[in-house]
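I wrote down what I looked up, in the order in which I went.

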Amino acid sequence: MNCQQIELFIRENPGLTLPPRLQSHILECPDCRALAEGQGALEAILKSQPRLELPPHFQARLWARISQAEARPKFMGLQPARLSLAASALMVAAVTLLFLRTPVPENTFAPQAVIQNAAPVPAQGNIPGIAKTNITAREPGITEPSRIYPVWPGEQDVAEIRDLNIVASFYPAVKSPGAIKVTIDDQPLASGQYQFKEDYLTIAPNPLPPGQHVVLVSLTDREGRETNKSWSFYLLEERS
Amino acid sequence: MTDTNKIEFDRIVQRYDKRLFNLLFRLSGDYDLAQDLAQEVFLIAYKEYSKFRGESDFFTWLYRIAVNHHRRYLRKQKLKSFFGLGERTPEEEVSDPGALEQMENIERLPQDQMVRQAVSELPAEFKETVVLYYFEDQACDDIAKILGCSPGTVKSRLWRGRQILAQKLSGLNAAVNQGGKNELSAN
């Protein structure tokens, strides 16, 4: 029996106590005793480490992410991450092709050549190859219809019940609102439940249950033009 | 995924979420990051669930995804830090107040914090083995399947990991030993 056998046993059998035939050597050899005791103590410390509790709403967040991933549209069967990679590759290829096909005149970078080859600047509307176009100013008083942008919670955002105050913004600002209609999960809200300003809308709905909710905002301006925006978000349970 | 599969997957999540989160917490040493990584691992598992053929334990399969995902994350971080991007400041380490409370709860003893620190500083291959063996109670053969190496390599990494930890925690080890001896002599 020697010290190497003790080390080999400890090395090959983590967590096991030494068999009696090795115990006798331990009693006589202080080095091996220190090794065995040290390893035993270390294993005891490691095994006694406490476990963390899960973060609150872990599962709700996970399922929100899963439903978000499932709702994400695919293009030609490609996932968004791969799609962006393919788009980048395509763009690089296009730029390279453009660069290769563009003829570079000789002495382009010589200052004198630039001066010698410089053509007179054509008068406005006289640029060769470009037809004259009539650019008319937008008639005063007519504006484009406002668009609605969810601010909080945004599309597929995860919110908590206690900080649920839905906000949407309008651009351009709505100078002359005709009518506004807000529904949550197809239930129309009373006018007292939302506050409308020129460029934003705040909605304070009645308490909603945890889960997926759909907001629909319809805006009709004085000209009778209607703009709709619908988005969904995920509501978590109140933290205990 | 069919509705039946979704129900089945929900059961899997309920069964393994805490273990997976703890595994990733021990590997990353970061509460918020562990949560993000655990969710990403479940998301990958959800997408790949139809490919799981039951040739290994589900848990082994899930752990293999987790370990690989954590390795991928480390590689990305290395690249980012090489270009001087995306390094987290100490203030950002634990952003959620609930996380701070959790950390205080589990690290009541100073030795727990020292152990977490020492484990998180281990080289990745030793850390994976130590975490799976001591914190996740996995047998050497199962760890070998998860990490894609031989059981002999697992034992060797475990030994090297323990040697490093014994050095790092030598003060603590002595205190524990002393405590044990005092208890013995008191008896």
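Entry 1, contacts. I count two residues as in contact if their C-beta atoms, placed from the backbone, lie within 7 Å. On that basis I looked at the contacts in chain A between residues at least 6 apart in sequence, and 62% of them join residues at least 24 apart.

I am reading a predicted model, in which local features need pLDDT of at least 70 and side-chain atom pairs count only at pLDDT 80 or more, while totals for chains, interfaces and linings use all residues. Residues are numbered from 1 along each chain as its sequence is written, and chains are lettered from A and ligands numbered from 1 in the order in which they are written.

I noted ipTM 0.78 and pTM 0.57 for the model. For chain A I found a mean pLDDT (the predictor's confidence in each residue, from 0 to 100) of 74, with 74% of the residues at 70 or more. Chain B averages 81, and 76% of its residues score at least 70. In chain B, helix 6 (residues 124–135) has the highest confidence, at a mean of 94, and helix 9 (residues 170–186) the lowest, at 51. Where pLDDT is low, the predicted coordinates should not be read in detail.

Entry 4, the open sheet of chain A. I listed 6 helices and 9 strands in this chain, taking helices (H or I, at least four residues) and strands (E, at least two) as DSSP runs numbered from the N terminus. Four of the strands form an open sheet in the order 1-3-7-6, with antiparallel pairing; two strands pair if DSSP finds at least two bridges between them. Strand 1 (147–152) and strand 6 (194–196) of chain A each have a single partner strand and stand at the edges, so one side of each is left without a neighbour in the sheet. Strand 1 is joined to strand 3 (residues 166–171) of chain A by 5 bridges, and I148(A) has F170(A) as its bridge partner in strand 3.

I followed strand 8 (residues 211–221) to strand 4 (residues 177–184), to which it runs antiparallel with 7 bridges, A179(A) standing opposite T220(A). Strand 8 also pairs with strand 9 (residues 226–236) in the antiparallel sense, over 10 bridges, and V217(A) has K229(A) as its bridge partner there. Strands 8 and 9 of chain A form a hairpin with 4 residues between them, and G224(A) in the turn has a positive phi of about 85 degrees.

Just after helix 1 of chain B, G29(B) takes a positive phi of about 70 degrees.
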